[in-house]
Amino acid sequence: MGPLYPDIINPELNLLIGFLIGIGFGFILEASGFTNTRKLAGIFYGYDATVIKVFFTAALTAMIGLYTLHYLGWIDITKTMPTTFWIPTLIGGVVMGLGFVIGGFCPGTSLSAAATGKVDAMAFIVGVMIGIFGFILTFGSIWEGLRKSGNLGKVDITEWIGIKEGLFIFLFTLIAVITFVIFQKWQDHWKKKLSQDDINDLGL
Amino acid sequence: MNTNKYINPYVGGILLGLFIIAAYYFSGEGLGSSGGFRDVAVTAIDAVSPEYAQSNAYTTNRVAEGVNPIHTWLVYELLGVILGAIISAAIFGRLKFNIGKAPHITSKKRLYLAVIGGILWGIGTQLGRGCTSGLVLSGMAVNSLSGYIGLATIFGSGFIFAFIFKKLWIKSKNN
């Protein structure tokens, strides 16, 4: 029964699996256009619907797949549920939202982009490392209490709302489809106003 | 300019979802990014001053006896991300040095802003316990409330900040 690590596979094989899954992750990010900072920023202005489509489709696929495996008894999904610290995640999320618009990447997309020669992504990564070093060096004096605050434990959103998992996944699917339609219309609307160079760059 | 060719976003999404399932099934890990960056930072601090790494409350558990901060699942996964991205870019003919930006923004300005945006992510991920992949996408995959808080705050605030900083991405005549 999954997760297979640590009971069935050893630490070395586990790292190799991480490496192989990473290859797939990096390939999909690049092939989908996530190394193109304008495509990423496009989600916020509506001229490019790619990011939201990939993102919600991935979440849905993983959600449905993992819960199917869970019900079949192939994986114990409760083992992998992260703990929710709502206060630091809320504040950190807003800081990341600002960083997304200013910097035009998130960490995973910046690494893929830097690997393929995007100099702006290399600059972004320099910033990420400065931020992390700064956070660590000031952890005790600024962040320690805040980061541990708002601990709700391992919270399953379906229990938190009080609905069945199947219904939740159905509702999320519905929301995703509506979102795809809206963002597609938004992109179509923009496409009429974009220059041919923009359309070529975005691969629309 | 040649047209950039990208794969169908729904196909990309399904494949990405399958990799998330594989990560949980084999390793009990979500697909993450910022955690790997942190592991590299912790390793660097430990190399410069092991005493400091032992005494800092944020790094002490990651440099404990018998724990090697660089041999983590996330670091190996990120090495894979680098290789996977290079393979894709090579196949699609995008493997070249350039600066991604809106055409009306100067390269110098773009690079400054990228560093500032990166710094915000560096702080935000460590405070918020993950980024778009590990916190949000992988969290949503297992129905964790934390993933949805991340989704709502990163993208919710992103739309507000995007409105404020519209000039960074949209040329004013296109409004």
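Let me begin with a term: a polar contact here is a pair of N or O atoms within 3.5 Å, where, within protein, one must be able to donate a hydrogen and the other to accept it, and where residues adjacent in sequence count only if both atoms are side-chain atoms. On that rule, 40 residue pairs are in polar contact between chain B and chain A, with both residues at pLDDT 80 or more.

As for conventions, this is a predicted model, in which local features need pLDDT of at least 70 and side-chain atom pairs count only at pLDDT 80 or more, while totals for chains, interfaces and linings use all residues. Residues are numbered from 1 along each chain as its sequence is written, chains are lettered from A in the order in which they are written, and side-chain values use heavy atoms, with hydrogens and water left out.

Now to the interface as a whole. Taking contact as heavy atoms within 4.5 Å, 122 residues of chain B touch 126 residues of chain A. The buried area, meaning the accessible area (1.4 Å probe) that two parts lose on being put together, summed over both, is about 11100 Å², and carbon and sulfur atoms give 76% of that.

What about salt bridges, that is, a side-chain nitrogen of Lys or Arg within 4 Å of a carboxyl oxygen of Asp or Glu? The rule finds 2 of them across the interface of chain B and chain A. A:Asp120 forms a salt bridge with B:Arg110, and their closest N and O atoms are 2.9 Å apart.

Let me turn to the backbone. Most residues other than glycine have a negative phi, and most peptide bonds are trans. In chain A, however, a cis peptide bond joins A:Gly2 and A:Pro3, with omega about -10 degrees, and the bond from A:Tyr5 to A:Pro6 is also cis, with omega near 5 degrees.

Buried means under 20% relative accessible area, exposed over 50%, and partly exposed in between (1.4 Å probe, protein chains only). B:Arg129, at 26%, is therefore partly exposed, whereas B:Asn143, at 0%, counts as buried.
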